[in-house]
Amino acid sequence: MNQTLITPAIIDYKKTILALLSYLQKLKEFSQKLNLDSESIDNIFQRLEVDSFSLAVVGEFNRGKSTFINALVGHDILPSDILATTATLSRITHRSTPGAKILFKDGREQEIAFHELANYATKLTAESAAAANLLKEVVIYYPWYFCQDNVEIIDTPGLSDDADMTAVTLSALRQCDMVIMLISPLSPFSISESEFLTSQLLDNGIFHILFVVNGIDRCDSLEDVEKLLLLIKGRIKNCIKNWAIQSNNKEYIKQINIQIFGISALQALQAKQVKDINLLAQSRLTNFEYSLTRILQQEREIIRLEITTNQLLNSTKEILRNLKEQNKYLELEQANLRKLNQIVSKKISIIRCQKTEVEQLFENTLTSVKSQSKIADRRLHKKLISAVERVIQSIDINTIEQSDLANKILDTVQSTSSELAHTIQKEAQEALLLVWSNIKDFVELFEQSILQITPEITQLGLDTTIYTTAMNIGYSIKLYNPFNQQSINTLSLLFPSNLEVFIFTQPEGIGTTIGAVLGFVLTAGTPIGAAIGGAIGAGVGANVKANKFKEKYQPQVMAEIEKQLNLMNVNQTVDNYISSDFSDLEKLQVSFIKEVMLILDTTQTQLAQKYGKHEAMILTKHQALKQIRSKLQIILHNLQQLSEQISQQGT
């Protein structure tokens with residue numbers, strides 16, 4: 001990389017070319033690694049591989065470029081006209097026998113005679129303009145001394161003629177080593193010409209430019225010609241100075257040697273054609289020819305090295321600028337990766353916290369509701385005792401019929417049991433509704449969270465197919481209706497209501513009948529209950545008409561109710577009901593949370609893996625860019641040294 005390019009005094013041309021080719025190869029490799037367009041580097045390669053020297057003649061339309069070249073040659077080898085004429089590149093090269101060759105865009109080639117050029121390379125007629133659209137360029141062969149030793153002169157279409165022609169001219173600049181820029185005395189270095197000089201020539205490292213003011217024969221006097229040339233030279237100097245300041249290229253100013261010539265190409269062509277020495281001198285073309293000959297003989301190699309070095313410097317700086325942008329992009333990518341990681345992790349944390357709250361609420365609510373099952377028997381006992389007591393105290397024993405008394409007590413026991421069952425059922429329903437509402441909120445939170453982080457998850461390349469099962473279960477939870485569930489599962493605490501077993505013919509009378517009824521009710525219709533009732537009835541029947549019937553009857557009834565409640569296992573019935581009532585929702589909740597946890601765990605695992613992988617990849621890219629940058633800095637340093645020494649030798 002650190003080749004010795006030059007000796008202290010004289011630059012070794014061939015050795016330097018080899019070093020530049022080596023740098024070019026390195027720059028191309030770096031461009032490929034950075035996925036950059038290497039067209040400009042390829043163009044430099046092509047120029048160096050062909051040991052030629054290209055001079056491009058440029059200028060806005062109607063500046064007399066074709067006439068100027070004809071004047072240099074001394075013959076009308078290029079078509080010219082007062083109107084914008086040239087419609088394609090015309091490359092003039094040396095050959096002992098004159099001729100021309102048409103190169104078509106489709107790869108075809110065709111030899112033509114000089115007099116046929118106007119039919120292909122101009123816009124003088126609609127037919128020739130149409131033919132020119134099919135051409136890549138025209139190669140003109142002519143035994144011209146300026147084109148000896150692989151020198152070629154390129155005639156370009158006029159700038160500002162139309163966009164296509166301007167594009168053709170700009171493409172030619174990538175192949176040239178030196179530029180001859182024609183300026184009109186009627187428009188002395190216009191704004192558009194200034195922009196062309198800076199953006200298309202100086203920015204591309206083309207510093208060897210011969211400015212030719214063509215048409216000085218239009219000036220009234222030699223004094224006017226000199227004033228005009230000084231004016232244009234001043235404008236060009238200011239243009240270059242401003243470019244150097246604005247583009248931070250002050251080091252290049254000393255490489256730019258402004259040479260400006262005033263000529264009349266038309267006079268020179270006429271003079272050469274008629275061999276008029278005085279007219280040729282008046283045209284001032286000989287001054288330009290002398291300078292051009294000196295450049296081609298003495299400065300060709302140094303100019304070639306200079307433009308190649310400058311173009312390599314520009315390419316190196318461009319790659320460094322792009323490398324800096326790629327570093328910024330990697331930093332932004334890394335910051336974005338961290339942001340995505342934070343967003344997803346935060347959402348996962350929120351879902352986990354909400355999941356814990358939902359589980360805790362479900363457990364606490366179910367525990368609270370089930371705690372009521374442990375005292376259900378006491379609640380029912382208390383209510384039955386109170387209700388039966390009110391009934392007994394309210395009846396008239398002397399007037400009531402046996403069946404009426406049995407029905408009244410039975411109805412009271414059933415209605416009281418039903419009321420308590422309804423109360424417990426309502427409490428369970430409210431608790432179930434509360435739990436379902438919270439689970440449903442959790443489902444919606446999960447769905448919304450997943451929806452919100454889907455762009456981040458997708459951008460990170462995480463698996464989204466794992467959400468399907470959870471989404472389906474969540475949908476079932478939202479469709480779940482605790483009210484419909486309540487209509488299916490109903491809590492029943494009623495005593496049996498078959499009155500046929502309550503009618504007896506025993507002589508004990510009403511007391512026996514009532515006892516039988518209570519016994520049957522409290523023991524769910526078993527024969528033992530009837531026997532107990534009969535026993536109670538015998539005692540009561542003996543005193544049925546006595547004033548103390550209620551006082552004796554009531555405690556016996558209460559005792560039987562309590563006894564039978566113990567046999568009914570009310571607490572277990574309520575507990576079974578609550579468990580059954582919560583069962584379906586609990587299954588849905590457990591399934592949903594299981595899937596959610598699987599999703600969260602899987603997502604976090606994938607996230608950690610992706611994040612780690614991306615971080616490692618970004619770090620690797622940073623290191624690779626750092627290495628490339630270090631190598632580019634060495635190339636840049638060497639090229640800057642070479643550019644400085646070329647400039648010194650050129651002066």
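Author: Ser184 counts as buried, because its relative accessibility is 8%, where buried means under 20% relative accessible area, exposed over 50% and partly exposed in between, with a 1.4 Å probe and protein chains only. The model is predicted, so local features need pLDDT of at least 70 and side-chain atom pairs pLDDT 80 or more, while totals for chains, interfaces and linings use all residues. Residues are numbered from 1 along each chain as its sequence is written, and side-chain values use heavy atoms, without hydrogens or water.

Ser184 belongs to the loop that connects strand E7 (178-183) with helix H6 (191-201); helices (H or I, at least four residues) and strands (E, at least two) are DSSP runs numbered from the N terminus. A polar atom of the Ser184 side chain lies 3.1 Å from the backbone nitrogen of Leu186. Leaving aside residues up to four places away in sequence, Ser184 touches Arg63, Val213, Asn214 and Arg218, a contact being heavy atoms within 4.5 Å. The loop between E7 and H6 also holds Phe189, which is buried, with a relative accessible area of 6%, and which has a positive phi of about 55 degrees although it is not a glycine. A positive phi in a residue other than glycine also occurs at Asn150, where the value is near 60 degrees, and Asn150 lies in the loop between strand E5 (135-142) and strand E6 (151-155).

Not counting residues up to four places away in sequence, Phe68 touches Val57, Ile180, Leu182, Val212, Ile263, Ala265, Leu285 and Phe288. Phe68 also forms one aromatic cluster with Phe261 and Phe288.

Across the whole structure a search finds eight aromatic pairs, in which rings of Phe, Tyr and Trp (its six-membered ring) have centres within 6.5 Å and count as stacked under 30 degrees between planes, edge-to-face over 60 and tilted for the rest. One of them joins Phe442 and Phe592, whose ring centres are 5.7 Å apart and whose planes stand at 85 degrees, so the pair is edge-to-face. Because Phe442 lies in helix H12 (residues 402-460) and Phe592 in helix H18 (residues 570-650), this pair ties together parts that are 150 residues apart in sequence. Phe446 and Phe592 are likewise edge-to-face, because their ring centres are 5.6 Å apart and their planes stand at 90 degrees. Phe446 counts as buried at 0% relative accessibility, and Phe592 is buried with a relative accessible area of 1%.

For the chain as a whole, the secondary structure comes to 18 helices and nine strands, and buried residues make up 49% of the 651 residues.

Conventions
Polar contact = N/O pair within 3.5 Å; in protein donor to acceptor, adjacent residues only side chain to side chain.
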